[in-house]
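Please examine the sequence and the model, then proceed to the points below.

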Amino acid sequence: MQSLMLGLLAAVLWGLHDFTIRRVAARTDAAALYLVVLGFGAVLLAPLAASSDGWRDFTPALLGFCGFAGLIYALGVYALYRAFIIGPVRLVAPICGAFPLLSVGFAVARGQAAGPVVWLASLAVLAGIAVVAQGENSETKGTARAAILWSIIAALGFAVSFELLHQAAEMAADLPVTLIARCAGFIGVLVWVVAQRIDLKPALAIWPTLLMMGALDVGGMVAVTMAGGFARPEFASVASSCFGLVTILLAWRFLHEPLTKVQALGAMVVFAGIAVLGLV
């Protein structure tokens with residue numbers, strides 16, 4: 001029960017984070033937003049990671065591996081921000097949240113057997129996304145295609161980076177691995193911001209909101225990590241992967257984004273499929 005509750009807490013925190021992206025997205029560039037959020041998150045995470053006794057396990061090769069995973073993760077989150085800037089949330093959230101489907105594909109590629117339940121759940125995820133996407137009207141088809149593209153990049157970034165970070169966490173403690181990955185991602189985004197001469201002033205002008213987003217992001221990660229100390233920690237991962245449903249409901253309630261009954265059903269099918277994949 002503790003693992004499930006921690007996973008639900010992570011889903012709420014990450015859902016609020018993604019909803020806030022939609023609220024502030026129009027004010028500045030996506031890279032500028034993410035750079036500040038990533039920096040705040042690393043600062044908040046540093047005291048927790050510093051208290052870990054797992055630092056002695058790191059080698060130069062492992063440090064580089066974590067750094068590479070952090071860069072991939074940064075690409076995924078940047079794509080997530082771009083997707084939410086375009087919107088709508090009802091289309092972006094299910095696709096971004098479908099990264100466990102890609103994780104299943106990686107497992108199959110490594111030779112792990114996939115039973116009929118896995119394939120049925122995978123088809124349910126794809127079918128649900130198709131239902132949500134088909135609900136967009138002709139006036140928004142162009143922007144919907146862009147949102148879908150960025151959402152797919154985000155899902156790929158999450159699936160690949162989580163696969164790499166899980167491998168790293170088998171060799172060293174979770175929190176130091178996460179902090180190193182975040183710092184590497186921060187450096188990568190910083191290089192992009194400097195190279196593109198992106199103005200940080202609009203993002204810094206709303207720093208209290210971005211600080212909150214950094215806290216929400218780190219809070220969700222810590223909640224899932226804490227589940228490792230309880231029975232059935234996989235329940236936390238399953239519950240947390242439904243963060244997109246929280247974002248959709250918040251956008252429908254507070255941003256008044258339209259959500260038809262068919263699209264709502266499609267979104268529910270997506271997250272039900274994700275839950276099944278997480279428990280198999």
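Cys66 has 0% relative accessibility and is therefore buried, where buried means under 20% relative accessible area, exposed over 50%, and partly exposed in between (1.4 Å probe, protein chains only). The model is predicted: local features need pLDDT of at least 70, side-chain atom pairs count only at pLDDT 80 or more, and totals for chains, interfaces and linings use all residues. Residues are numbered from 1 along each chain as its sequence is written, and side-chain values use heavy atoms, with hydrogens and water left out.

**Cysteines**
- Cys183 is partly exposed, at a relative accessible area of 36%.
- The count of disulfides (pairs of cysteine sulfur atoms within 2.5 Å) is zero.

**Helix 4**
- Helices (H or I, at least four residues) are DSSP runs, numbered from the N terminus.
- Helix 4 (residues 89-96) is largely enclosed by the rest of the structure, because eight of its eight residues are buried.
- Among these buried residues are Arg90, Pro94 and Cys96.

**Aromatic pairs**
- The structure holds five aromatic pairs; rings of Phe, Tyr and Trp (its six-membered ring) pair if their centres lie within 6.5 Å, and planes under 30 degrees apart count as stacked, over 60 as edge-to-face and the rest as tilted.
- Phe19 and Phe254 form a tilted pair, because their ring centres are 6.3 Å apart and their planes lie at 55°.
- Phe19 belongs to helix 1 (residues 2-24) and Phe254 to helix 12 (residues 243-254), so the pair ties together parts that are 235 residues apart in sequence.
- Phe19 is buried at 10% relative accessibility, whereas Phe254 is partly exposed at 48%.

Definitions and conventions: Helix = DSSP H or I, 4+ residues; strand = E, 2+ residues; numbered from the N terminus.
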